[in-house]
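Hi,

Here is the structure I said I would pass along.

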Amino acid sequence: MDPFVINTLASIVATAAPLVFAGVGETLTEKAGVVNLSLDGTILLSAMAAFAVAYNTGSLWLGFLVAALIGMAIASIVAVGSIALEQEQVAIGFVLTMMTADLSSFLGNPYVNLPGPYVGQQPIPFLADIPLIGPVFFRQNIVIYASYLLIVLAWWWMMRTQPGLKMRGVGERPASAFARGVDVNAVRYTYTALGGALVGIAGATYSLVVKLGWSHNHTAGNGWIALAIVIFGGWDPWKVAGGAYLFGALKALGSVLQRNPAFQNVPTQIFSTAPFAMMILFLALTSSGLTDRFLDLFSPKVRNRLEAIIRGRAPAALGQPFHRD
Amino acid sequence: MRVEMRQIHKSFGPVHANAGVDLTLEAGRIHGLLGENGAGKTTLMKILSGYQSMDSGEILIDGKPVTFASPAEAIRAGIGMLHQDPLDFPPMTVLDNFLLAFDDRLIPDRKRGEAMMLELAQRFNFPLNPHVAVERLTVGERQQLEIIRLLALGAQVIILDEPTTGISAPQKVQLFATLRRLAHEEGKAIVFVSHKLEEVEALCDEVTVLRRGKVTGHKPMPVPIDELVRMMFGQSIAMPDKPPVPLGEIVLRAEKLLITGHRLEIRDASLEARAGEVIGFAGMEGSGQSLFLRTIAGLIRPKRGHIFLDGEELTGRPYREFMRAGISLLPADRIDEGLVRGLTIAEHFPLRRETPFFIDWEENRRYVEKMIEFYNIKGRPETPVESLSGGNQQRVLLALQPPKLKVLIMEHPTRGLDIGSARWVWEQLLKRREDGTVILFTSADLDEIMTYSDRVVIFFSGQMYPPIRATDLTVEELGYRIGGRAAPDAEA
């Protein structure tokens, strides 16, 4: 196969990895009923911190650890503010986004455009030699491999384990979960912190793996994309990951087309904004009556399957505080 | 297992929902807990099943005092409750609903759980498919799932709160058969909470009646229906006399209305009302009387038929025009439908009064202060309406009504009010007749209906009967009629 195609596919997989971390992390948080809107700022701050720590200590892992802790701490502010203080989750998240973004610029100033440590290629023996799949998926590094594992693990945890069952219950109907003896708020704190840690790892993945180093607004915009992908993916880890790869592919396609002489007269902004427009179009289509008519063409059994695939629904209690009575 | 509740007290703000209630539940018996909406049945059962704390009182299981801090503790002690709106997880599968917090290992054994669930379902002939989402089930099937879930958790006492609301007739038959089997063959104690006399009569072994937070009777079944009605609705205390007012012309005319509600259809409903007339609408909760009155008020559009006010047709017009024409509705849910939660008393008046674009708040305040004094409202202009007692909320609602009205519709005008407030409300209503206002009202209090109505309209499960003059009726007869049957002497 054309090495250009393989390289492009491999870069899609790599650049999608931080969106997988952030998207799956936010999925876990939202499945428990909490919206952490601070993703964009959290990713910036943790990307900056990961780079700064790795630069100063020389330890990449310490960089990842600090990034995860920062993500966890910011998410915990959202959790405490919304659960204990009963403030609007959206408002807290929004303010945190702006604050952490500015903080990343301020604290990250000394590190702008410095060459620093990064995670290099770590091909997996044997698997890396499989034609096409090998170079695309297995000639990456441990962080990217961890993002594959996360997808499977998150799905398994949500759908197959008792804690996952409780987490989904808490996000759907906290009153019912409480009736069964589930500590609703403890579950929400746990998954908000866990999701936050994954968002922090997403930040470190940018500065240490896929978009090396640090600059002002280094990752700006990607947090919002991750939030959109959670909705696009219908709160399902597989589909959220699919959304991350699709977004990466659309972006890659844009840059490929841009270089093609046939599209020379098309403004470059078209290519950079097209993925967003296509996502909106997809969301609008899947929630329209048109989809219902399309689905009605199938037998009820097939219809239900199809509907489950293309349609996702927000956890019913998303963003709502829980009161006993 | 024997459960005793002793002297249970519970207040919500000014409302004494349970005022010293005693209740004893025995294994192997179906215990009916009967009472009108708001009588305190659900509060009592939520206390027993750990959802709500009590202010004072005690609960004994087999003679030993217990306290439940949560529903989970109650179910561990063997007490489970099936809520009116089942507490399940609609988008999740039946099996997930069954397993959640049941098989409490990290990875639940889904095969074993499914086998256990199906075995229980088969025992009671519940056609439950473990792999469909609960939201695709009917309310009856969701109840079935909750019942087997409670049984799987080892419930010895099962409380069902108004379980027949929203389920089909065959499901009801099956539910009753299941409850009989659970009680009489498997020795469970069943509490059947209902406001429907005929269901309690058909199912229960004994009955406790609650009224306004107090037990008005506890007897083994069968109990004569009229006795149950008296325990449920009671005799009211002396209320203001109703001086006769000569009736005027026909003001309101409803012709052959066809009204479809949530689960009810009313056909061929016609009514004529004269200026100054008071018409009481009697029926069990949800028999159609509210649907009819809300149609007259312009909130619900009839499928067929006509509504005339002073000869002018209003059918199909928006609610605003009904209001402008002089029809007003004071809903039973005063705080959520009648008033606006979060606004102060003073802020309510510009919503109903003609005010310029820029409201003159000083002028409004002086006006509101006058109204507060005149209507004897215990509150200040800046008091938020939700912190008022029910009686004062009703006073605010009445104070908001324009001085001239053609038709005033009241749902439960005195529900939840103390005697003084109730008396005052009726004085106001009766005074309005002198201006030719037609008063239409529903009430669960049959004495209230008999005392104030010129004519009475009876509803029974969607059927509207022609108006009867109140002088041709007795409270006992009315009690029989709203239960869907004729009085014994009428049958003879």
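This is a predicted model: local features need pLDDT of at least 70, side-chain atom pairs count only at pLDDT 80 or more; totals for chains, interfaces and linings use all residues.

**What I found**

After H4(B) comes Asn125(B), which has a positive phi, near 55 degrees.

Next, the place where the chains meet. On the chain B side, 19 residues are in contact with 17 residues of chain A. Helices H2 (71-76) and H3 (94-99) of chain B each supply at least two residues of that side. By class, the chain B residues there are 12 nonpolar, 2 polar and 5 charged.

Then there's Gly187(B), in the loop between helix H6 (169-185) and strand S8 (189-194) of chain B. Leaving aside residues up to four places away in sequence, Gly187(B) touches Ala27(B) and Gly28(B). Val209(B) is 22 residues from Gly187(B) in sequence and 23 Å away in space, C-alpha to C-alpha.

Last, a helix pair. H12 (345-352) and H13 (361-374) of chain B pack at about 105 degrees, with their axes 9 Å apart. That angle falls in the 65 to 115 range, so H12(B) and H13(B) are roughly perpendicular. Among the residues making the contact are Phe349(B) and Pro350(B) from H12(B), and Tyr367(B) and Val368(B) from H13(B). The contact has 7 nonpolar, 1 polar and 1 charged residues.

Cheers

Technical notes: Residues are numbered from 1 along each chain as its sequence is written. Chains are lettered from A and ligands numbered from 1 in the order in which they are written. Helices (H or I, at least four residues) and strands (E, at least two) are DSSP runs, numbered from the N terminus. Two residues are in contact if their C-beta atoms, placed from the backbone, lie within 7 Å. Ala, Val, Leu, Ile, Met, Phe, Trp, Tyr, Cys and Pro count as nonpolar, Asp, Glu, Lys and Arg as charged, and the others, Gly among them, as polar. Axes are lines fitted to C-alpha atoms, for helices over the stretch in contact, and angles run from 0 to 180 degrees between N-to-C directions. Angles under 35 degrees count as roughly parallel, over 145 as roughly antiparallel, 65 to 115 as roughly perpendicular and the rest as oblique.
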